[in-house]
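Here is a note to read beside the structure, written as numbered points. Please keep the view open and find each part as it comes up.

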Amino acid sequence: MAITEQSLNWDYDGPIMEVTGLEKHFPQSTGIIHQLIGGETSHVKAVDGVDMAIESGETMGLVGESGCGKSTLGEVLIGLQEPTGGSIKFLGTELDSMSDSQRKEFRRNVQMIFQDPYESLNPRFSVEQWIREPLEVHDMDNQDERIYEALERAELTPPENYIGEHPHELSGGERQRVSIARALVLEPKFIVADEPVSMLDVSVRASILNLLRDLVDDLDMGALYISHDLSLIRQMCDRTSVMYLGKVVERGPTEQLIKGPKHPYARALLDAVPVPNPDHNISEPQLEGEPPDPVELPEGCNFRPRCPFAAEECFEEPGLDAFQTADGEHAAACWRVETVDNM
Amino acid sequence: MTLLEVNDLHVTYAGDPDVEAVRGVSFTLEEGETLGIVGESGCGKTTLAQAIMGALPDNGRITGGEIIFDGQDITHLSNRERREIRWERMSMISQSAMNSLDPVYRVKDQIKEAIQEHRDVSDAKSYERARELMELVGLDPDRVEDYPHQLSGGMRQRVIIAMSLALDPDLIIADEPTTALDVIIQEQILYRIKELQRELGNSMVMVTHDISVVAETCDSMVVMYGGELMESGNVDEIFNNAHHPYTLGLQNAFPSVEGEKRDLTSIPGSPPDLSEPLEGCPFASRCPFAAPECEETVPVQEPVDGHRVRCHEPVPFEQIRDRSGEDETWLSQNKV
């Protein structure tokens, strides 16, 4: 039996993770009366047509404010949520068309590192139990050896000092390292890290960021790094996508995007990051208010109602090809990039 | 005019064992000034803020030193006397306050209560004031009719700010006012707080772990570690001319979107156990420059007027400054 089953294509040399037109729409709960009289169900469009390709050894940054859909996108990529439209390809194989055994392989190879090391660890489990659990779920061999190796990779050395500890005996940095060890123990090829350092003290953040960056390099993984803070994204990511109301509105090499953002939303997001420089006093925010309800999206460009540069043409929806650099690496879904650049 | 003076303040939490969370902190705050208190979790910054506000948890006691507010010693006031000052003359915006609005009362009733608790004002007048305050913090006045759950996190935090301003206090203590919010909302709220301060002329203490927030919003700052003050002075001086290895460590650990990208350093090790008495500098065990004398005493140095550094200077400060930017310097210490 096992022989006839097709395993995933490990020789595939395209992007490790590729999504096209990805959608995740949540039905709004409406009252029973509303449903009885045949009212239409409205949808929250958390992810609304995202194209993204992440290569092995690459960390893609995903930035946007709360509620922009970035965490939902991360959850859909690793199969924690079912998409409602579009396609996800892992190693070139469509998720929908995977056999049961390929699905299992997929699940073992995509992992998540969560934001809060205080809540994501089970307080009753020892470090060993916590890291062993995924190995049990996937029925892996050589478990002890794998646990030791994962702890070493997460720089919890020597492993025997940590293996019997419980979460309350560990510092915040150590807990996040345990979460990382748990995510790594299955030797995944793709990880999603959702604000992995925002709950940690400043003095340990850099060590966790450096660790993640080295792991992506050494293990040749693909990674999606989710944050609302471009200063953290800058430390971690080769390329960055900016998300607003379920759509990617700008994408480019991270340094290029930070030095010269093109979409007005990316400009505002960058401007809002406080800078550790006293000559830089807090300036008037470029954006007022909060994103509109993703149920009733505005006509044309989603950002139009909040955009200080909106014009007549913005009633037509721009795609990511509305602005592109010559090499095509840096793109923004905005009609007015050149006008705004010249202002 | 000095509005607030904290002298050699000690705060202890009773327990088994007792924890001395603040260990001899001194600073002054001038009228109209904003002072930042920065440090990492467990450094005592929130305890310090609560002690000034007279809002320590039940097992917390001021065990030494004094707090002088507007010329009056308020260190040991009774609860009733404190209540008169609280909200009237000093108020607090805290990180958790956003979730402390009562879910069953409309916003207007909660603001009205804050006013009428202290002042004999009619319902109609306080309702009017509630609407005015909403406008002041950039919210639609009609939203006073809302219940807290109808507001977003950022809006709830604005309501808290509105309440803290209700009685026009001289001092506002903001404890991580924007920590749970994303950068866009954070910028809106910090900008609004600063605008209001300019208009109303009150003083402020900003407690935060985020040195970039201090850089953008404060005039002076205090860096705390292990319950003690490590370095203090005006913000320009501390950012451009920091002397203390811990301050430099924090600055080098902090990412920025400005300038050229650089590698960040981290500070291995963990903060001291505050249930134990401590000789010498609390940072010594994590400090790559520590010398034997650091385990015994902590001298105060004053490189320029108003800039205080509690450090032995085991190697010259210029060297500390250069070497603290390199990760190897810190990694020569034990790992986290």
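1. Between chain A and chain B, 17 residue pairs are in polar contact, counting pairs in which both residues are at pLDDT 80 or more. Please bear in mind throughout that this is a predicted model, and that the values below are computed from it.

2. On the side of chain A that touches chain B, the elements giving two or more residues are helix H7 (202-218), helix H8 (230-236), helix H9 (254-259) and helix H10 (264-272) of chain A. The largest share of that side comes from H7(A), which gives 9 residues. Sorted by class, the side of chain A that touches chain B has 21 nonpolar, 14 polar and 16 charged residues.

3. How many residues does each chain bring to the contact? Chain A brings 51 residues and chain B brings 47 residues. The size of an interface is often given as the accessible area lost when the parts come together. For chain A and chain B, the area buried between them is about 4300 Å², and 56% of it is on carbon and sulfur atoms.

4. Charged pairs across the interface deserve a separate look. The rule finds 1 salt bridge between chain A and chain B, and the residues that form it are A:Lys259 and B:Glu260, whose closest N and O atoms are 3.4 Å apart.

5. Turning to chain B, the domain assignment gives domain 1 (96-168) and domain 2 (242-332). The C-alpha centres of domain 1 of chain B and domain 2 of chain B are 43 Å apart.

6. Is helix H3 (residues 107-116) of chain B largely enclosed or left open by the rest of the structure? It is largely enclosed, because 7 of its 10 residues are buried. These buried residues of H3(B) are B:Val107, B:Lys108, B:Gln110, B:Ile111, B:Lys112, B:Ala114 and B:Ile115, and they pack against helix H4 (123-136) and helix H5 (153-165) of chain B.

7. Over all chains, the structure holds 28 salt bridges, and one of them joins the side chains of B:Lys108 and B:Glu145, with 2.8 Å from N to O. This pair links distant parts of the chain, since B:Lys108 is in helix H3 of chain B and B:Glu145 is in the loop between H4 and H5 of chain B, 37 residues apart. B:Lys108 counts as buried because its relative accessibility is 18%, whereas B:Glu145, with a relative accessible area of 29%, is partly exposed.

8. Another salt bridge in chain B joins the side chains of B:Arg129 and B:Glu132, again with 2.8 Å from N to O. These two residues are 3 residues apart in helix H4 of chain B, so about one helical turn separates B:Arg129 and B:Glu132. Both count as partly exposed, B:Arg129 with a relative accessible area of 23% and B:Glu132 at 44% relative accessibility.

9. The side chains of B:Asp146 and B:Arg143 also meet in a salt bridge, at 2.8 Å from N to O. Here B:Asp146 is buried, at 13% relative accessibility, while B:Arg143 is partly exposed, at 25%. Elsewhere, salt bridges that share partners join A:Arg234, A:Glu255, A:Lys259 and B:Glu260 into one network.

10. A:Arg177 is found in helix H6 (residues 172-184) of chain A, and its relative accessibility of 2% makes it count as buried. Leaving out residues up to four places away in sequence, A:Arg177 touches A:Ala154, A:Glu155, A:Leu156, A:Ser207, A:Ile208 and A:Leu211.

11. A:Arg175 is found in helix H6 of chain A as well, and it is buried, with a relative accessible area of 13%. Apart from neighbours within four places in sequence, A:Arg175 is in contact with A:Pro117, A:Tyr118, A:Leu121, A:Pro167, A:His168 and A:Leu170. A polar atom of the side chain of A:Arg175 lies 3.2 Å from the backbone oxygen of A:Pro167.

12. Finally, B:Glu228 is placed in strand S10 (residues 228-234) of chain B, and with a relative accessible area of 7% it is buried. Residues up to four places away in sequence aside, B:Glu228 touches B:Arg23, B:Val25, B:Val223, B:Pro282 and B:Arg310.

Terms used
Residues numbered from 1 in each chain as written. Chains lettered and ligands numbered in written order. Predicted model: local features only at pLDDT ≥ 70, side-chain atom pairs only at ≥ 80, totals over all residues. Heavy atoms only, no water. Helix = DSSP H or I, 4+ residues; strand = E, 2+ residues; numbered from the N terminus. Buried < 20%, exposed > 50% of the residue type's maximum accessible area, 1.4 Å probe, protein only. Contact = heavy atoms within 4.5 Å. Domains from an automatic or database assignment. Buried area = accessible area lost by both parts, 1.4 Å probe. Salt bridge = Lys/Arg side-chain N within 4 Å of Asp/Glu carboxyl O. Polar contact = N/O pair within 3.5 Å; in protein donor to acceptor, adjacent residues only side chain to side chain. Nonpolar A, V, L, I, M, F, W, Y, C, P; charged D, E, K, R; others polar.
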